[in-house]
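Please look over the chain shown here and its fold. A short briefing on selected geometric features comes after it.

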Amino acid sequence: ASPPPAAMPAEAPKPAAPPAATAEERSKWFKDCWAQFNAKDYAKFGGCYAENATSEQVDMGMPALSGRTNIVDKSAKLFGAAFPDLIGEQQLTLVSGNDIFAVVLLKGSHKGPLPNPQGEIAPTNKKIGYLVLQHVQTTPDGRSIAKERFIYDGGTFMSQLGVSALPARKALEQGWAEKPSLQSSGTEAEKANLAAFGAWNAA
């Protein structure tokens, strides 16, 4: 008699995906990503983005970047090279579900060539210091950036660089005295505040 066929080896069970990050974990992760950017640790910083993430500088004349590698190589690294001492300081961070809003003070000295839609800007050795609003939408697990948008006053930026004669704010050197990091929890008080803001807006 023929021997019975050998049993197929059982497949090892796939490891369970980690649970979605809590609001507190998302807040800490977001802070860590900025610390990695400030340290120019681009290997770790790239891990803050999903493979197919997008990044946009709103109304600045530059196309949105798609993909983790493009975001790191064509944005973070280029800006970091133009401003070797560049630092981003979070002034206010709001975490609500998969959305993170942050007001960030960017400051540094222009020491390297800076790509620009109108042509490369040669080093001016000027100091910059301006506020940026960053809106991040995370992946569902809250552990990677799926989409981000930066909103800031490009006129102020160009004036601080010395390439625009238009009046603008001087470079900020100090951030806010308090730098709160807040997490939404969907409480009744939050809902009441939201309703009050809606009524004020409608009026």
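Predicted model: local features only at pLDDT ≥ 70, side-chain atom pairs only at ≥ 80, totals over all residues.

Residues are numbered from 1 along each chain as its sequence is written, and side-chain values use heavy atoms, with hydrogens and water left out. The fold contains an open sheet of 7 strands with mixed pairing, 1 disulfide, and a largest pocket with about 890 Å³ of space. Helices (H or I, at least four residues) and strands (E, at least two) are DSSP runs, numbered from the N terminus.

**Sheet**

- The strand order is S2-S1-S6-S5-S4-S3-S7, where two strands pair if DSSP finds at least two bridges between them.
- Strand S2 (65-66) and strand S7 (181-183) are the edge strands, each pairing on one side only.
- Helix H1 packs on the sheet and touches S3, S4, strand S5 (127-138), strand S6 (145-151) and S7; contact means heavy atoms within 4.5 Å.
- The direction of H1 makes about 165° with that of S3, with axes as lines fitted to C-alpha atoms, for helices over the stretch in contact, and angles from 0 to 180 degrees between N-to-C directions.
- Strands of a sheet pair through backbone hydrogen bonds, either parallel or antiparallel.
- Strand S3 (residues 87-96) and strand S4 (residues 99-109) are antiparallel, over 9 bridges, and serine 96 stands opposite aspartate 99 in S4.
- S5 and S6 are antiparallel over 6 bridges, and glutamine 137 has lysine 147 in S6 as its bridge partner.
- The hairpin of S5 and S6 has 6 residues between the strands, and glycine 142 in the turn has a positive phi of about 70°.
- S1 and S6 pair in the parallel sense over 5 bridges, with tyrosine 49 opposite isoleucine 145 in S6.

**Disulfide**

- The sulfur atoms of cysteine 33 and cysteine 48 are 2.1 Å apart and form a disulfide, defined as a pair of cysteine sulfur atoms within 2.5 Å.
- Cysteine 33 lies in helix H1 (residues 23-38) and cysteine 48 in the loop between helix H2 (42-46) and strand S1 (49-57), so the pair ties together parts that are 15 residues apart in sequence.
- The disulfide of cysteine 33 and cysteine 48 is left-handed because the torsion about its S-S bond is about -110°.
- Cysteine 33 is buried at a relative accessible area of 5%, and cysteine 48 is buried at 3% relative accessibility.
- Buried means under 20% relative accessible area, exposed over 50%, and partly exposed in between (1.4 Å probe, protein chains only).

**Largest pocket**

- A pocket is found on a 1 Å grid over the protein atoms alone, as an open set of points where a 1.4 Å probe fits, with protein on both sides within 12 Å along at least five of seven lines.
- Its volume is the space filled by probe spheres set on the points, with grid points joined across faces, edges and corners.
- The largest pocket is lined by 38 residues, of which Gln57, Met62, Ser75, Phe79 and Tyr152 lie nearest its centre; lining residues have an atom within 4 Å of a point.
- Two or more lining residues come from each of H1, S1, helix H3 (68-82), S4, S5, S6 and helix H4 (154-161).
- H3 gives the most to this lining, with 6 residues.

**Residues in helix H4**

- Threonine 156 lies in helix H4 and is buried at 8% relative accessibility.
- Not counting residues up to four places away in sequence, threonine 156 touches Tyr130, Ala168 and Arg169.
- Glycine 155 is also found in helix H4 and is partly exposed, at 40% relative accessibility.

- Most residues other than glycine have a negative phi.
- Lysine 40 has a positive phi of about 55°; lysine 40 lies in the loop between H1 and H2 and is partly exposed at 28% relative accessibility.
- Aspartate 59 has a positive phi near 60°; aspartate 59 is in the loop between S1 and S2 and is exposed at 74% relative accessibility.
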